[in-house]
Amino acid sequence: MDKKVALLLMSHGDFAAELMRSLEFVIGKQDNYETLGVHLDDQVDDLQRQMYAKIDSLDTEKGLVVFTDIVGGTPMNLAGHLLEREHILICSGMNLPMVLECSFNRDKTIQELEELIKAAYQSGMVMRTSAEFTEEDEDDLLL
């Protein structure tokens, strides 16, 4: 079997774990990933040890993509320590479309994934208002 890029999802609270549950609901069971949630009573040194232990449990030979929830938060700051390693991609603004796109393409290189994840992030954000629709457009709202 071909190697896959490893995934580490890090967030405030349980968002990372729940995002992976949602992803697996949509596309099925995944492997070679870990999640790490930051909670109010956590100590940064303990979180850093947990992060490295989770990474050590993964097969990162092909690379590692780290998703975090927001820039400047503890998960992103922790992930920044990983940039001394090779074949690491850190992505903030984690959302389901980004992680789905990455999951569908884990056989690709880190460089290829970077472009795919950027595109998924940009196309995954849509804003709509009721002012955009007329009665004729009502059928477009039905699933």
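Here is a walk through this predicted model, from its sheet to the helices and one serine. Residues are numbered from 1 along each chain as its sequence is written, side-chain values use heavy atoms with hydrogens and water left out, and local features need pLDDT of at least 70, side-chain atom pairs count only at pLDDT 80 or more, while totals for chains, interfaces and linings use all residues.

Let's start with the sheet. It is open, built from 4 strands in the order 2-1-3-4, with parallel pairing. (Strands are DSSP runs of E, at least two residues, and helices are runs of H or I, at least four, both numbered from the N terminus; two strands pair if DSSP finds at least two bridges between them.) Strand 2 (33-38) and strand 4 (88-91) sit at the edges with a single partner strand each, so one side of each has no neighbour in the sheet. On average, neighbouring strands are turned by 15° against each other, direction ignored. Axes here are lines fitted to C-alpha atoms, for helices over the stretch in contact, with angles from 0 to 180 degrees between N-to-C directions.

Strand 1 (residues 6-12) and strand 3 (residues 64-68) run parallel, joined by 5 bridges. Leucine 7 has valine 65 as its bridge partner in strand 3.

Now for the helices. Helix 2 (residues 44-56) lies across strands 1, 2 and 3, at about 170° to strand 2. Helix 5 (residues 110-123) lies across strands 3 and 4, at about 15° to strand 4.

Finally, look at serine 103 in helix 4 (residues 96-104). With a relative accessible area of 11%, serine 103 is buried (under 20%; exposed is over 50%, partly exposed in between, using a 1.4 Å probe and protein chains only). Leaving aside neighbours within four places in sequence, serine 103 is in contact (heavy atoms within 4.5 Å) with Leu7, Leu23, Ile27 and Gln30.
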